Amino acid sequence: MTDTRTSAVSVSGLTVGVGAHGPTLVDDLSFEIAAGTVMGIVGESGSGKSVTSLAIAGLLPPSLSVRAGEVRVDGRVTASAGRRRRRGNDRVDIGVIFQDPRAALNPLMPIGAQLRRSLRAAGMNRARAESRSLELLEDVGIADPVRVGQSYPHEISGGMCQRVVIAMVVGAEPSLIIADEPTTGLDLTIQAQILALLHETVTRLGCAVLLITHDLAVAATMCDTMLVLYGGVPVEVGTSAKILTAAEHPYTIRLVAAVNGEVSRGALAIDDGGDLR
Amino acid sequence: MTASTSPLLEVRGLSVEFRRRRHVVHAVADVSLSVDRGTTLALVGESGSGKSTTAKVIAGLVAPTSGSISIGGREIPSGFKDAALRRSVQLIFQHPGSSLDPTWTIERILAEAIPGRVDSAARHRMADTLADVGLDPSLLSRTSARSLSGGQAQRIAIARTLLADPALIVLDEPTASLDGSVRLRILRLLAQLQHDRDLTYVLITHDLRSAQSVSDHVAVMLRGRLVETGPTSAVLSQPLHPYTQALLDAAPSLDPRERDATMGRWRSQLQSGAVDRTDPSVPLRQVAPGHFAAVE
Amino acid sequence: MTAPLVHPTPPKPKSPRRARSSRLNPLVIGGVALLVGMLAVGFIAPHFLPDPLATAAADASQPPSAEHWFGTDRYGRDVLARTIDAIQLDLTLALACAIAAFTVGTVLGTLAGFMGGVVDEIIMRFIDILAAFPAFVLAILVAFALGDGVVFAVAGVALAAVPEFVRLTRARALSIRRQDFVLASRVLGVRALVIAWTHVAPNSTGPAIVQAAFVGGSAILYLAGLAFLGVGVHPPQAEWGVMISEGSAEIVRGIWWSSLFPGLFILLAAVGFHLISDGMARGQHD
């Protein structure tokens, strides 16, 4: 049984930029995620939140580099200055769920085959992978796992694709799941189900989840702790309750107020000091 | 609701069918709505609900298969033969960036809404309208809309719409692609403009909760049909149809105290998935004054 | 059990705009410089050179020397003078082909793509017929039907280039017409043809401009070839194709200079156009 006080993820002083001298995208980011908890990185477009998730996963593209700082998952380093990708034989348990589920699945391969393949890559034998893949599809709420297993990604809905991705991620039993805008673009009711599924996974597996989102309300419901990012700079970090009700930094206060705000109909003076960005 | 004013917009029995390769898609099936002048109707639904198609029919971009649309009592023939009638119904798009021609100057974009030559009077109008939407009139001399932020671009689109002097504006998820901090400002701007110019809005949105503070009436669509309509406060406080309830349950809340309750509702939605089992053939019937639902 | 990372394809992160290879990249600048340079030489140099049309039987077929840098042709005319004299003509004709094909092609392409339906069908069938003919054959047919003058040679080559312009522009127009800003204009009540002209056409011509530069280069080659065949420019007018035609009879006797130098200038001009075309194509990919 994992000690929930152990930090599954530890990020210290992470700074990421374009090459060695280009613009800085993430500046001196530090936080920890305890196992079994959900942390949210909240930011608007251009805040650097996606770059952060890629850096932590060790998946930065060649054009970006880690200029300073370090990321450790389960004690092992996944990113550090000068090294933007994990080396081949580093085995770290990270699962990633991206925004576009169809981009995460091979369009030319049936769902079941992809799931079995990822399980076998984890070391399972053929028979076990077969039965486990059906189990996983059921666990994510797919009613007819055999039929869906034989379908191709384009034949099933976006919401169901995302469930399949979650099944693949869960199958690898990771210590950390990074979910980068996993429900953006999905219908509201589907979003609720996907997020509930993710939440259930955390409870069952005891892993840590890093949820990247621009939707403050989603973060409020899903996350135990939150970090607010603005222009690559961490602006505020703390428990969800604190950020939502007792924020300290002016940007956070405005953000919460803006999302929380009411539009009163009828005559009112437009408080228009210009848009926040 | 004053009974003496007849509604500005009336949609009767609207149906839209699209022919795909081997079958027919019923995007909209038998939808009837009415919207009073100066009010806002929120048309709520998820993907495949038909709300966008309905919006496009009202805006005259898609021809209906059957049914009729009337503005101010005048029935609109498909294609809007009358120029004045054409300009009285305008549309604001979801993605502000792509609703502005990237090769045009700001002035030209706005001028397209003004018939006739662009003289100094027209330029005055454009500058005033820019100020009305919260933008600096000096933007008129900008050569391109490309460098504008989402919020600014949407304001330009609103300014263009206002210059056409419409009575009815259809807004297709106008804030969905904007950052959270900008959304509220744009909604407030729209509310202000509605009050100042007696505009009527049909607001398409996928988020029922957000409709609360911006609309007078709500119509919920599922798979091309209306499942519930009525005053916003009534529908949100006493939803009659299970799908409406599902939409309300699915909305995340900013209040940290509601976290567990919200997650609990989401988990039961995960179990039941009841939404899909809605019987589509049940017609709308009046359950309470002005409040209709497709229930037995 | 340690499990390997599940590798879904990561999306490109929103990195700030990298330095774009702009439309004015080195290739484009190089090509323009080359052509402008040739034009400048074409304007200035003739003042210092002998008359390109002056024959001198005594000096016929002389190899390159201090007096005649490019030698003389079989009529004793200075090859350098004639080659330089032809610059303006050749470049102008090539440009004319490109512009004519571009104009006709983009107008037809925009109409076909934007209006769709019957208009689209008619235009595309006509284009299919046109595209079936190789350029040379088409130009010769035009010459046959209308006459073998310069104008008809240009028309023939331009006609052969039209189909590609139509296809490129039509493809763009098809996607542009679905864009929100086109719908916005429709909602404002702007008439279809006005939308086609003011919104669709300007946004659909990007690839066509690249093609126009390319056609300029190809046109040089085709026009030279046609002149060689006796269509278009006729002797004694100095034109590179004409010069090669005249010089071809002498090559067997080892007289290479009357054909080589005009050929080299054809190469230079074609390279100039294609550099511009290639450079712009790369610049557009961002």
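The model is predicted, so local features are taken only where pLDDT is at least 70 and side-chain atom pairs only at pLDDT 80 or more, whereas totals for chains, interfaces and linings use all residues. Residues are numbered from 1 along each chain as its sequence is written, while chains are lettered from A and ligands numbered from 1 in the order in which they are written. Helices (H or I, at least four residues) and strands (E, at least two) are DSSP runs, numbered from the N terminus.

**The sheet of chain B**

- Eight strands of chain B form an open sheet of mixed pairing, in the order β6-β7-β8-β3-β9-β10-β12-β11, where two strands pair if DSSP finds at least two bridges between them.
- The edges of this sheet are β6 (89–92) and β11 (285–288) of chain B, each of which pairs on one side only.
- Neighbouring strands of the sheet are turned by 20° against each other on average, with direction ignored; axes here are lines fitted to C-alpha atoms, for helices over the stretch in contact, and angles run from 0 to 180 degrees between N-to-C directions.
- Strand β7 (residues 168–172) of chain B pairs in the parallel sense with strand β8 (residues 200–205) of chain B over five bridges, and B:V170 has B:V202 in β8(B) as its bridge partner.

**Strand β10 of chain B and its partners**

- Strand β10 (residues 225–231) of chain B is mostly covered, with six of its seven residues buried; a residue is buried if 20 or more other C-beta atoms lie within 10 Å of its own, exposed if 12 or fewer, and partly exposed in between, with C-beta atoms placed from the backbone.
- Strand β9 (residues 217–222) of chain B runs antiparallel to β10(B) and is joined to β10(B) by six bridges, with B:L222 standing opposite B:R225 in β10(B).
- These two strands, β9(B) and β10(B), form a hairpin with two residues between them, and B:R223 in the turn has a positive phi of about 50°.
- β10(B) also pairs in the antiparallel sense with strand β12 (residues 291–293) of chain B over two bridges, and there the bridge partner of B:T229 is B:F292 in β12(B).

- In chain B, 37 residues are in contact with 40 residues of chain A, two residues being in contact if their C-beta atoms, placed from the backbone, lie within 7 Å.
- The elements that give two or more residues to the side of chain B that touches chain A are α6 (180–197), α8 (242–250) and α9 (259–272) of chain B, and α6(B) gives the most, with 11 residues.
- By class, the side of chain B that touches chain A has 17 nonpolar, 13 polar and seven charged residues; Ala, Val, Leu, Ile, Met, Phe, Trp, Tyr, Cys and Pro count as nonpolar, Asp, Glu, Lys and Arg as charged, and the others, Gly among them, as polar.
- Towards chain C, 18 residues of chain B are in contact with 14 residues of chain C.
- The elements that give two or more residues to the side of chain B that touches chain C are α2 (83–88) and β6 of chain B, with the largest share, three residues, coming from α2(B).
- The residues of the side of chain B that touches chain C divide into eight nonpolar, six polar and four charged.

**Helix packing in chain C**

- The axes of helix α9 (residues 240–251) and helix α10 (residues 257–284) of chain C come within 7 Å and cross at roughly 150°, and α9(C) and α10(C) are therefore roughly antiparallel to each other; angles under 35 degrees count as roughly parallel, over 145 as roughly antiparallel, 65 to 115 as roughly perpendicular and the rest as oblique.
- α9(C) passes α10(C) in a left-handed crossing; a crossing is left-handed if the near helix is turned anticlockwise from the far one by less than a right angle, and right-handed if clockwise.
- The contact of α9(C) with α10(C) has seven nonpolar, five polar and two charged residues.
- The axes of helix α2 (residues 79–115) and helix α3 (residues 117–132) of chain C come within 7 Å and cross at roughly 140°, which makes α2(C) oblique to α3(C).
- C:A212 lies in helix α8 (residues 206–228) of chain C and counts as buried, with 25 C-beta neighbours inside 10 Å.
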